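Student: Can we go through this model together, one question at a time? I'd like each answer to come with its cut-offs.

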Amino acid sequence: MEENNRVTMYLPQGALSLIFWGLLMSFFDFRINGLDLIPDTIGVILVLRGLSRLKEVNRCFAAAISLYGILLPMSVFDDLSWPIFGSGFFAILVAFVFFVLDLVALYYLCSGIAGFAALSGLEDLSRTIMQRYTIYGVLVSLTYCLMFLLPSLAIAGMICGLVAYILVLSVIRTADNQLPQQ
């Protein structure tokens with residue numbers, strides 16, 4: 001017990017680190033002749049391993065597990081470049097579903113970390129996590145819309161989204177360093 005009758009809670013050691021590296025691996029897409037050199041599937045598996053260690057800490061992590069569990073088989077098909085999703089409207093629909101699932105899963109992940117940070121007395125960190133997620137979510141959503149409405153502006157949106165994603169990753173890394181772990 002600490003002062004003010006505050007109970008110290010701990011995150012499982014290494015959980016946020018697994019999530020950080022998994023998200024980083026999932027973000028990059030380097031392909032040679034259709035072969036993904038940094039498979040998103042491995043990144044999603046790392047995120048799931050980290051989240052499985054956190055599911056008892058906050059219910060947001062359990063929700064994120066469910067969503068990343070849905071994203072896992074989609075990542076396998078994407079990594080293998082299997083054309084199961086076809087082309088045209090159906091492919092766009094699948095890409096949109098993947099986009100929404102990924103955005104919502106990241107929201108639950110960030111909400112869980114922010115909630116734990118707030119309970120640990122790190123309110124500034126908690127606020128920063130959600131602010132950066134919000135910036136990322138807005139920029140990526142705008143970019144997705146721009147791809148269809150004004151394709152010439154989509155590149156600028158992608159660059160802004162990349163910067164915002166880096167900011168989200170950096171605050172997850174900061175949380176990994178600042179939050180109590182055991």
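Student: Is Leu 149 buried or exposed?

Tutor: This is a predicted model, where local features need pLDDT of at least 70, side-chain atom pairs count only at pLDDT 80 or more, and totals for chains, interfaces and linings use all residues. Residues are numbered from 1 along each chain as its sequence is written, and side-chain values use heavy atoms, with hydrogens and water left out. Buried means under 20% relative accessible area, exposed over 50% and partly exposed in between, with a 1.4 Å probe and protein chains only. Leu 149 has a relative accessible area of 66%, so the residue is exposed.

Student: Which element gives the largest share of the nonpolar patch?

Tutor: Patches take residues with over 30% relative accessible area and no salt bridge, joining like charges within 9 Å and nonpolar side chains (Val, Leu, Ile, Met, Phe, Trp, Tyr) within 5 Å. Here the nonpolar surface patch includes Leu 149, Ile 92 and Leu 167, with about 1,000 Å² of accessible area together (Shrake-Rupley, 1.4 Å probe, only the protein chains shown as cover for residues). Two or more residues come from each of H5 and helix H6 (151-178); helices (H or I, at least four residues) are DSSP runs, numbered from the N terminus. The largest share, six residues, is from H6.

Student: Why do the rings of Phe 99 and Tyr 144 count as a stacked pair?

Tutor: Rings of Phe, Tyr and Trp (its six-membered ring) pair if their centres lie within 6.5 Å; planes under 30 degrees apart are stacked, over 60 edge-to-face and the rest tilted. The structure holds nine such aromatic pairs. For Phe 99 and Tyr 144 the centres are 4.5 Å apart and the planes are at 10°, so the pair is stacked.

Student: How many residues apart are Phe 99 and Tyr 144?

Tutor: Both Phe 99 and Tyr 144 are buried. Phe 99 belongs to helix H4 (residues 89-119) and Tyr 144 to helix H5 (residues 123-149), so to speak two distant parts of the chain, linked by the pair and 45 residues apart.

Student: What does the side chain of Arg 127 meet in a salt bridge?

Tutor: A salt bridge is a side-chain nitrogen of Lys or Arg within 4 Å of a carboxyl oxygen of Asp or Glu, and the count comes to two. Arg 127 is partly exposed at 45% relative accessibility. The N to O distance is 2.3 Å, and the partner is Asp 124.

Student: Which ring does the charged end of Arg 173 sit over?

Tutor: Arg 173 is partly exposed, at 28%, and its side chain also meets Asp 176 in a salt bridge (3.4 Å, N to O). A charge sits over a ring if NZ of Lys or CZ of Arg is within 6 Å of the ring centre and within 35 degrees of the ring normal. The charged end of Arg 173 is 4.7 Å from the centre of the ring of Phe 20.
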